[in-house]
Amino acid sequence: MPGYSDALHKAKEPLPIIHGLPIIRLWDAGGTPSCCPADARIVMANGRPERIDSIVSGTSAVEAVGDPAVVLKAGTVREARMTGWKRCVMVETKHRWLRVSEDHPVLIAAPVLRAYTSFGDRGSTNWWTLRWKPAGEIEAGEWLISASQLPVFSPDPVPPMPWPLSAALLELIGAWLGDGCYGSRQGQAMAINWASGDEAISQRWSDLCRLAFGKAGAIYGTGGRASVSLNSAPSARAFQSIGLVGKSRTKRIPAWCFGLPPELRLALLRGLLDSDGTVLKGEGTVRWSMTGVDLIWDIWALCQTLGIQS
């Protein structure tokens with residue numbers, strides 16, 4: 001079970017009050033309520049985050065339970081409903097933020113001064129304890145806790161497809177999610193296209209097509225106009241059938257991808273990085289910039305399943 005103690009994030013000022021947010025309340029099987037703004041994302045048991053206002057009773061979501069020992073588990077949502085408008089707070093840490101109702105419990109690490117005796121020496125030291133605190137009472141400088149890794153409790157089954165699961169296939173799926181589309185004729189998909197804008201990456205994707213589909217991708221253009229196409233109507237339609245649909249604002253990582261072995265999930269991230277990511281060398285940071293909000297949340301959750309803090 002992933003731990004919490006290695007994922008501390010310090011709260012910083014200010015702690016703004018946000019007025020008039022519609023609140024959705026969920027109850028899990030244990031009766032613990034979760035109260036969040038309607039556009040908040042909740043990680044489901046299959047690993048994919050969903051907007052809280054789209055969650056229905058009977059589905060299974062990940063939650064943190066216990067006091068003071070805290071574990072992650074999957075709980076069945078018994079009820080989901082709008083509770084009305086309520087004041088919320090924004091709790092910010094470095095590279096992270098949390099927007100919840102004032103009474104929403106947040107896990108924090110609090111130092112407790114304890115005396116000790118060791119080989120005749122006496123003194124005192126700080127011991128860290130975990131406790132839940134209402135979000136509206138959190139102060140700047142306090143340490144917030146997050147999971148160091150998110151498990152996938154109930155992976156979705158892998159859909160049938162005409163190709164074997166491989167790192168090459170998952171890297172191409174990631175590349176398509178980042179910067180791909182379909183070539184179509186009369187509304188029917190006829191080809192899978194990847195816009196690379198880089199000749200070296202185009203060659204890599206062409207080679208990956210040979211490994212994944214048994215046919216090399218055709219490279220078009222040069223320099224910033226370079227792209228790759230797999231001209232195969234059956235492959236394009238099979239690609240669509242496994243959940244690879246939508247435009248730049250509506251694409252999602254298929255739910256079945258979250259339960260794949262780690263090496264395949266990493267391959268998916270490689271494709272996303274080559275197509276729509278940036279490596280900030282001076283900061284040791286990888287950054288994705290996309291128009292699709294849901295896809296950004298999917299990438300965040302995929303990183304969390306791999307223990308990559310994001």
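Serine 154 counts as partly exposed because its relative accessibility is 38% (buried means under 20% relative accessible area, exposed over 50%, and partly exposed in between, with a 1.4 Å probe and protein chains only). The model is predicted, so local features need pLDDT of at least 70 and side-chain atom pairs count only at pLDDT 80 or more, while totals for chains, interfaces and linings use all residues. Residues are numbered from 1 along each chain as its sequence is written, and side-chain values use heavy atoms, with hydrogens and water left out.

Serine 154 lies in the loop between β12 (143-145) and α1; helices (H or I, at least four residues) and strands (E, at least two) are DSSP runs, numbered from the N terminus. Apart from its neighbours within four places in sequence, serine 154 is in contact with Ala45 and Asn46, where contact means heavy atoms within 4.5 Å. The C-alpha atoms of serine 154 and phenylalanine 258 are separated by 9.8 Å, although the two residues are 104 residues apart along the chain.

Two packed helices are described by the angle between their axes and the distance between the axes. Helix α1 (residues 167-179) packs with helix α2 (residues 199-213) at an angle of about 130 degrees, and their axes are 8 Å apart. This angle makes α1 oblique to α2 (angles under 35 degrees count as roughly parallel, over 145 as roughly antiparallel, 65 to 115 as roughly perpendicular and the rest as oblique). Axes are lines fitted to C-alpha atoms, for helices over the stretch in contact, and angles run from 0 to 180 degrees between N-to-C directions. On the α1 side, Ala168, Leu169, Glu171, Leu172 and Ala175 meet Arg204, Trp205, Leu208, Cys209, Leu211, Ala212 and Phe213 of α2. The residues of this contact comprise 10 nonpolar, no polar and 2 charged (Ala, Val, Leu, Ile, Met, Phe, Trp, Tyr, Cys and Pro count as nonpolar, Asp, Glu, Lys and Arg as charged, and the others, Gly among them, as polar).

Helix α2 also packs with helix α4 (residues 262-276), at an angle of about 150 degrees and with the axes 11 Å apart. Ile201, Arg204 and Trp205 of α2 and Arg270, Asp274 and Ser275 of α4 make the contact. Here the residues divide into 2 nonpolar, 1 polar and 3 charged.

In helix α3 (residues 233-241), the buried residues are Ala233, Ser235, Ala236, Ala238 and Phe239. These buried residues pack against α1, α2 and the strands β13 (180-185), β14 (188-195) and β16 (227-230). Glycine 243, which follows α3, has a positive phi, near 100 degrees.
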